[in-house]
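Reader: I am new to this structure and would like a friendly tour. Could you show it to me and take my questions one at a time?

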Amino acid sequence: MTGLATDGGLYVPEYLPQFPEDLITSWSSLTYEELAFKVMYPFVEDNIDEISFQRILDKSYAKFRDTSIAPLKQFDEKNWILELFHGPTLAFKDFALQFLGNLLDHIVGSKNEKLVVLGATSGDTGSAAIEGCKDCRNIDVFILHPHNRVSDVQRRQMTTINKSNIHNIAISGNFDDCQAIVKKSFSEQEFLRGERRLIAVNSINFARILAQIVYYFWSYLRINCPKEGIIFSVPTGNFGDVFAGYIALGMGLPIKKLIVATNSNDILHRCINNNDHSPREVNASLAPSMDIMISSNFERLLFDAFERDSSKIRELMEKVTNSSIQLSERSILSIRDNFWSYRCDDREIVSTIKSFYKKNNYLLDPHTAIGVSASMAYEDDAGIPIVTLSTAHPAKFPDVSKYTNLLTPELPEHLKSILLDEEYYSIVDNCQNRVESFISKKLFT
Ligand SMILES: *Cc1c(COP(=O)(O)O)cnc(C)c1O
């Protein structure tokens, strides 16, 4: 449940459950929820009984609009797309945040505790967290977004939810300001008067990663367990989604390569490709959910690449935001065993959306287009199936149609009304004290 450890590091499992290949293949007729149980239960078996956990999973995927939860589509002999956007907010983050909401509800429900979920969002995380927690009676949710700096659809997905436990705060500042306020709040918890526990919903929360491991197994099973293994291409920002693939690999899934697909904010590509992990300004791309400078979950991979030497990682992480870090030859090679990377700029996003549409009559969202570009560029291992994770529905990012000259897809029926509904949010100054007193006023009066 805790994001950051007290020493500033991140939590990782001490060891991973191991699934032999014949056990994995025996799961091919399971539903998504049943498979999720097999994959995730070993991580929580000391804390949650089987029946409750299956109930949490069933609830978590009940709001998905596709009966198979995560449909897999084939485009040619070896290229597939895994559609992860059929959840309530049209991005893959629903897989983790629907689960997290139900998990938190279960935990507090049995203890009669009250929680405060706090998060900053540049777009997709906030709405997914709100959707995941809006029906949880013991959880209050506060989501900070930069005022006037998220898209209309993204903001309305958060602000049209009219519930007394959901609080949207538009900060007069940018995303980094929001994130800084959230981070500081965790060290200044007096404003909660010791009565509530504060929970972070950003992607370093391991429960989120856990839920994302499942669809790697799911894809392999849906393609009939290819003997030669499988490759995944993952549009990457904070490195949470692709890290879940790395865990699946560690649990025994025969993944031949994980492709880290980045936009023009390409620090991960530079690092994996040239051992150049030097921070640069973040620029606004057509794939805004991946506009990130330092990917928090990359630290978890580096931990393994440095043979789990905590003190080395701590040294490295102290420098990571302000200066370039250098990995040893050995660490870089161990990363390249499992990962390959690719950078796709805005021009290529647009050309990929256009050519893919022309060839397949299928509209990619800008994030997925980056994943598809990367799979096309990956040339080794001819014949091994490549699954690109489709992380968002194209209707969520209508602005790209200006550049592609393709029609803007319509929002699914259940979201159309948000364009007209009344919005509920408060604008608060970019100031730690103002935000904290806003929160305590909402909670205690
Ligand atoms: C969050 C997000 C990503 C990046 O995922 P990470 O786990 O942060 O690497 C990619 N695409 C979309 C649409 C997202 O919302």
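Author: What follows is a set of questions and answers on domains, sheets, a pocket and cavities. This is a predicted model, in which local features need pLDDT of at least 70, side-chain atom pairs count only at pLDDT 80 or more, and totals for chains, interfaces and linings use all residues. Residues are numbered from 1 along each chain as its sequence is written, and side-chain values use heavy atoms, with hydrogens and water left out.

Reader: How far apart do the C-alpha centres of domain 1 and domain 2 lie?

Author: The chain is divided into domain 1 (72–89 + 206–404) and domain 2 (92–205 + 420–444), with bounds that come from an automatic or database domain assignment. Across the two, 20 residues of domain 1 are in contact with 24 residues of domain 2, where contact means heavy atoms within 4.5 Å. Their C-alpha centres are separated by 27 Å.

Reader: Which strands stand at the edges of the five-stranded sheet?

Author: Helices (H or I, at least four residues) and strands (E, at least two) are DSSP runs, numbered from the N terminus, and two strands pair if DSSP finds at least two bridges between them. Here five strands make an open sheet with parallel pairing, in the order 6-3-4-5-11.

Reader: Which residue in strand 6 stands opposite valine 117?

Author: Strand 3 (residues 115–120) and strand 6 run parallel and are joined by four bridges. The residue in strand 6 opposite valine 117 is isoleucine 199.

Reader: What angle does helix 5 make with strand 4?

Author: Helix 5 (residues 124–133) packs on this sheet and touches strand 3, strand 4 (139–146) and strand 5 (166–171). Axes are lines fitted to C-alpha atoms, for helices over the stretch in contact, and angles run from 0 to 180 degrees between N-to-C directions. Between the directions of helix 5 and strand 4 the angle is about 165°.

Reader: Which strands stand at the edges of the six-stranded sheet?

Author: This open sheet has mixed pairing and the order 1-2-10-7-8-9.

Reader: What is the bridge partner of phenylalanine 232 in strand 10?

Author: Three bridges join strand 7 (residues 230–235) to strand 10 (residues 386–390), and the two run parallel. In strand 10, phenylalanine 232 is partnered by valine 387.

Reader: Which helix gives the most to the lining of the second largest pocket?

Author: A pocket is an open set of points on a 1 Å grid over the protein atoms alone, with protein on both sides within 12 Å along at least five of seven lines, while a cavity is a set where a 1.4 Å probe fits but cannot get out; lining residues have an atom within 4 Å of a point. The second largest pocket is lined by 19 residues, with Met1, Phe43, Val44, Phe206 and Ala207 nearest its centre. Two or more lining residues come from each of helix 2 (32–44), helix 4 (93–111) and helix 8 (206–222). The most, six residues, come from helix 4.

Reader: What volume does the largest cavity have?

Author: The count comes to two cavities of 30 Å³ or more. Of the 14 residues lining the largest cavity, the closest to its centre are Leu363, Phe397, Val400, Ser401 and Pro409. Grid points are joined across faces, edges and corners, and a volume is the space filled by probe spheres set on the points. For the largest cavity, that volume is about 80 Å³.

Reader: How much space lies in the second largest cavity?

Author: Its lining includes Thr236, Gly237 and Met290. The space in the second largest cavity is about 50 Å³.
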